[in-house]
Amino acid sequence: MKTIKWLDRNFEILLMVCALLVIVFVMGAQVVARKFLGASIEWSEELGRYLFVWMGFLSISYTLHADTIIRLEILDTILPASVLKFLRVLVQVFMLVMFTYLTCQSFSIVRSTNQRWSSIDISMNYVYGAIPFCFALTVLRLAQGLILTLKSKPDAKNAKAFAAKEEAEKSRMTEMGKDGEKKC
């Protein structure tokens, strides 16, 4: 059970770190081979590029799972908690539908291609496989987030914190305005 929880928290990170380590090792070997051996590893740059593509697609599901996706946080401070929860559910459902559609459509890309790597005879399906795999993982992460959002109670702490900060700022401005200069 601990392993499953750990994988749930760290699956994308684990894959991205492994890909980054392979990139560093292979590109380092390429540098050493060119500098000291006068030879080149023909497939190294292509492998690095394709692993970077995988990392990019993995980062989509990671940012959704870690809740670090870019959003307008000003709404957290001015809207009531129940409205925020409704908007969050609405956005998650929209993204869930969109990524489910993209996952289904991306399988046709993988099935229809018969391209090969330019440097070695490996199918490009391993590269294009990043699209349906990572989109399906994103759908899973969105479903997890949607379930957690629906189970949670609306939280008004952000709005209260914003109101307290605004009140403190108003009182500070009022004190500054009495004498026309700053008080320390």
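Q105 is partly exposed, because its relative accessible area is 40%, which falls between the 20% limit for buried and the 50% limit for exposed. Please keep in mind throughout that the model is predicted.

Q105 belongs to helix α4.

Of the 184 residues in the protein, 27% are buried.

I turn now to the packing of helices. Two packed helices are described by the angle between their axes and the distance between the axes. For helix α4, residues 81-112, and helix α6, residues 130-151, the angle is about 160° and the axes are 8 Å apart. What does that angle say about the relative direction of α4 and α6? Angles over 145 degrees count as roughly antiparallel, and α4 and α6 are therefore roughly antiparallel to each other. The crossing of α4 past α6 is left-handed. As for the composition of this contact, its residues comprise 17 nonpolar, seven polar and two charged.

A second pairing also involves α6. The axes of α1 and α6 come within 12 Å and cross at roughly 155°. By the cut-off of 145 degrees, α1 and α6 are therefore also roughly antiparallel to each other. Here too the crossing is left-handed, with α1 passing α6.

While we are on helix α1, which covers residues 2-37, I would point out M27, which is found there. M27 counts as partly exposed, because its relative accessibility is 29%. M27 and I41 are 14 residues apart in sequence, and their C-alpha atoms are 9.0 Å apart in space.

The next topic is the aromatic residues. How many aromatic pairs does the structure hold? The structure holds four, and I shall describe two of these.

One of them is formed by Y50 and W117, in an edge-to-face arrangement with 5.0 Å from centre to centre and 65° between the planes. This pair links distant parts of the chain: Y50 is in helix α2, residues 44-65, whereas W117 is in the loop between α4 and α5, and the two are 67 residues apart. Are these two residues buried or exposed? Y50 is buried, and W117 is buried as well. Y50 has a further contact, in that the charged end of R49 sits over the ring of Y50, at 5.8 Å from the ring centre.

Which residues make up the aromatic cluster to which F99 and F135 belong? The cluster consists of F57, F99 and F135.

Thank you for your attention.

Key
Residues numbered from 1 in each chain as written. Predicted model: local features only at pLDDT ≥ 70, side-chain atom pairs only at ≥ 80, totals over all residues. Heavy atoms only, no water. Axes fitted to C-alpha atoms, helices over the stretch in contact; angles between N-to-C directions. Helix = DSSP H or I, 4+ residues; strand = E, 2+ residues; numbered from the N terminus. Parallel < 35°, antiparallel > 145°, perpendicular 65-115°, else oblique. Left-handed = near helix turned anticlockwise from the far one by under 90°. Nonpolar A, V, L, I, M, F, W, Y, C, P; charged D, E, K, R; others polar. Phe/Tyr/Trp six-rings, centres within 6.5 Å; stacked < 30°, edge-to-face > 60°. Buried < 20%, exposed > 50% of the residue type's maximum accessible area, 1.4 Å probe, protein only. Lys NZ or Arg CZ within 6 Å of the ring centre and 35° of its normal.
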